[in-house]
Amino acid sequence: MGQVGHPRRVQTYDAELGAAVARAQDGDENAFAVAYRIVQPGLLGYLRGLVGDDAEDVASDAWLEITRDLGRFKGDGAGFRGWTATIARHRALDHLRRLRVRPRAGGTEQDVLDLPAPHSTPDLALESLSTERALELVRSLPGDQAEAVLLRVVVGLDGPAAARVLGKRPGAVRTAAHRGLKRLARQLGVGGENESNPSDRNGSGHG
């Protein structure tokens, strides 16, 4: 059901994923099923952050395209994760255009992130993101921060890969990610209040 997990744990499956994708490209249907099982939870969680209750329908559309274009994909497991996220995002934006509404996560054309240093307050927030309540908190963040955390934590992309999904520079993503994770840390009650900078409060609204 798109459970939130720590990105380092998600990425441990990338070697298995890459091997499964290679076999699937050779026509192994069982291998494609393995790839689907690895990727789908994070992809669905990401789409829930963009289109809410329509995530399953959008994911189905995305997988139709993924299946159709699988032979064109070149890369490893991590690359496949990013490629599928890009396809899912395009399908989500198409869906939202049809509905003439904005994404739940807000500014999906904003920047995404690099992981902050270990043991920081934001890193503690990442470790706490393991429940549906936490996913709801992610969706309540400002748009750029929300999609940053969704791509990094839920999909399991590293900073450069997440930036490529949105067509942004990796160097531009740190601020949105760091602020989002610090805000989550405050909401989740981890870390110290003294780690909050006054500048982070600007425009943050209630939380």
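Me: In which helix does Asp 14 lie?
Reply: Asp 14 lies in helix 2, residues 14–25. Helices (H or I, at least four residues) and strands (E, at least two) are DSSP runs, numbered from the N terminus. The model is predicted, so local features need pLDDT of at least 70 and side-chain atom pairs count only at pLDDT 80 or more, while totals for chains, interfaces and linings use all residues. Residues are numbered from 1 along each chain as its sequence is written, and side-chain values use heavy atoms, with hydrogens and water left out.

Me: How many helices and strands does the protein have?
Reply: The protein has eleven helices and zero strands. Read from the N terminus, the elements run α-α-α-α-α-α-α-α-α-α-α.

Me: Is Asp 14 buried or exposed?
Reply: Buried means under 20% relative accessible area, exposed over 50%, and partly exposed in between (1.4 Å probe, protein chains only). Asp 14 counts as buried because its relative accessibility is 12%. Across the 207 residues of the protein, 52% are buried. Glu 65, in helix 4, has a relative accessible area of 19% and is therefore buried. Arg 169 is found in the loop between helix 9 and helix 10; at 65% relative accessibility, it counts as exposed.

Me: Which residues is Asp 14 in contact with, leaving aside its neighbours within four places in sequence?
Reply: Contact means heavy atoms within 4.5 Å. With neighbours within four places in sequence left aside, Asp 14 is in contact with Gly 77, Ala 78 and Arg 81. On the same terms, Glu 65 is in contact with Ile 87 and Arg 91. For the protein, taking contacts between residues at least 6 apart in sequence, 73% join residues at least 24 apart.

Me: At what angle do the axes of helix 3 and helix 5 cross?
Reply: Two packed helices are described by the angle between their axes and the distance between the axes. Axes are lines fitted to C-alpha atoms, for helices over the stretch in contact, and angles run from 0 to 180 degrees between N-to-C directions. The axes of helix 3 (residues 29–51) and helix 5 (residues 77–99) cross at roughly 35° and come within 10 Å. The crossing is right-handed. A crossing is right-handed if the near helix is turned clockwise from the far one by less than a right angle, and left-handed if anticlockwise.

Me: Which residues of helix 3 and helix 5 meet?
Reply: Residues of helix 3 including Ala 35, Ile 38 and Leu 43 meet residues of helix 5, among them Phe 80, Thr 84 and Ala 88.

Me: Which residues touch the most other members of the largest nonpolar core?
Reply: A nonpolar core is a set of buried Ala, Val, Leu, Ile, Met, Phe, Trp, Tyr and Cys residues joined through side-chain atoms within 4.5 Å. The largest one has 49 residues, of which Phe 80, Leu 151, Leu 157 and Leu 184 touch the most other members. Helix 3 gives the largest share of this core, eleven residues. Phe 80 is buried, with a relative accessible area of 1%.

Me: How many aromatic pairs are there?
Reply: A pair of aromatic rings is described by the distance of the centres and the angle of the planes. Rings of Phe, Tyr and Trp (its six-membered ring) pair if their centres lie within 6.5 Å; planes under 30 degrees apart count as stacked, over 60 as edge-to-face and the rest as tilted. The count comes to five aromatic pairs. Phe 80 and Trp 83 form a tilted pair, 5.7 Å centre to centre with 40° between the planes. Both lie in helix 5, three residues apart, about one turn of the helix. Ring pairs also link Phe 32, Tyr 36 and Trp 63 into a cluster.
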